[in-house]
Amino acid sequence: MPEEILMTSQAFFRQECLADLESRYLVHRLWEASDRDALIEKVASNIRVVVTEGWAPADFQGKFPKLALIASHGVGYDGVDVGAAQARKIAVTNTPGVLDDAVADLTVGLLIAVTRGMVVGDQYVRNGEWLKANMPLTSHLRGRQAGILGLGRIGMAIADRLKAFGITINYHNRRQRSDVSYNYFSSLMEMADQVDFLILSCVGGEATKKIVNRQVLEKLGSDGVLINISRGSVVDEDDLVACLQEGKLGGAGLDVFTNEPKVPEALLQMPQVVLQPHVGSATLQTRIAMGQLVVDNVDAYYANKPLLTPVPAV
Ligand code: 8YV
């Protein structure tokens, strides 16, 4: 009998990676079950590995008495209760590293799209406005200041790119990094006050919930731009909408939202905002690499080898 795995969803996980898993393991597809509770009850006692896409709350984990590994697809694991897992010595893996370039590319794209009015410009051409007049001027990147909230792997990939545009890099982390010479701010508010572009590449979850609120956005100011490619939860979305409406914030490029895929109606109407449907890692190459890393972690577990990408202890 092959080992049994429970997989919770397949919204992002590549089909070829699932086929690879299914060539070696019996994968129970929870998302296809007409009665999820019944499936869980039937297989729970055999399950040592759960494959998930960033979701495994404590009560769900508690249904599997032998659970030993939660292999999560995605770098962010704010939807996995790591504390509960570690209390039961259940390992948790995520997929860091392989998506840094894709997410950083989209970040730069959003920044240019907002500062250069690219979506507005596209409409300007399509609607025939260009036949009547040139588009109003926008502002450029060289010589400006970026503040990166969360200078981890993705933040570093963003900084690498922004340097090439002549942008000065500042950052705010819980702790200063000893391996970079970028300007460190111990206060998010002070950094927001100093920079033109505030870029969010930090973790989601309780520690960062709504830390980008009205006070921070007002410091960023009427010429400032917010770019969020991390989690919607990091921003107080009501404050963001209000600051944009009041002109207290210049613009925003957003890939993530509080209640995805629902986006506040007000944002849909704003020309100073560029919106994306949470596609930071959504390139074919990246998603295959992410899926492969999940598969490799599962294989490592069953081969009694060290896991490739365990999440840090909480
Ligand atoms: C995906 C992501 O949307 O990696 C993450 O944390 O947000 C994205 O890559 C998704 O989580 C993949 O499962």
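This is a predicted model: local features need pLDDT of at least 70, side-chain atom pairs count only at pLDDT 80 or more; totals for chains, interfaces and linings use all residues.
View 1. Across the structure, five aromatic pairs are present.

**View 2. Aromatic pairs around Phe60.** Trp55 and Phe60 make a tilted aromatic pair, with a centre-to-centre distance of 4.7 Å and 50 degrees between the ring planes. Trp55 is partly exposed, its relative accessible area being 37%. Phe60, by contrast, has a relative accessibility of 4% and counts as buried. The ring of Phe60 also pairs with that of Phe64: the planes lie at 70 degrees, so this pair is edge-to-face, and the centres are 5.1 Å apart. Phe64 is buried, as is Phe60.

**View 3. The open parallel sheet.** Five strands, ordered β2-β1-β3-β4-β5, form an open sheet with parallel pairing. The edge positions are taken by β2 (26-29) and β5 (91-93); each has a single partner strand, so one side of each is left without a neighbour in the sheet. From one strand to the next, the twist averages 20 degrees.

**View 4. Pairing of β1 with β2.** Four bridges link strand β1 (residues 4-7) to β2 in the parallel sense. Glu4 has Leu26 of β2 as its bridge partner.

**View 5. A helix across the sheet.** Helix α12, spanning residues 284-302, lies across β1, β3 (49-52), β4 (69-72) and β5. The helix runs at about 165 degrees to β4.

**View 6. The largest nonpolar core.** This core holds 30 residues, of which Leu111, Ile148, Ile158 and Leu162 touch the most other members. Two or more residues each are contributed by α5 (100-115), β6 (145-149), α7 (153-164), β7 (168-172), β9 (197-200) and β10 (225-228). Helix α5 supplies the largest share, eight residues. In soluble globular proteins, nonpolar side chains tend to be buried together.

**View 7. The surroundings of Ile148.** When residues up to four places away in sequence are not counted, Ile148 touches Gly155, Ile158, Ala159, Ile169, Asn170, Tyr171, His172, Met191, Ile199 and Ser201. Ile158, included in this list, is also one of the residues that touch the most other members of the largest nonpolar core.

Key
Residues are numbered from 1 along each chain as its sequence is written. Side-chain values use heavy atoms; hydrogens and water are left out. Two strands pair if DSSP finds at least two bridges between them. Axes are lines fitted to C-alpha atoms, for helices over the stretch in contact, and angles run from 0 to 180 degrees between N-to-C directions. Contact means heavy atoms within 4.5 Å. Rings of Phe, Tyr and Trp (its six-membered ring) pair if their centres lie within 6.5 Å; planes under 30 degrees apart count as stacked, over 60 as edge-to-face and the rest as tilted. Buried means under 20% relative accessible area, exposed over 50%, partly exposed in between (1.4 Å probe, protein chains only). A nonpolar core is a set of buried Ala, Val, Leu, Ile, Met, Phe, Trp, Tyr and Cys residues joined through side-chain atoms within 4.5 Å.
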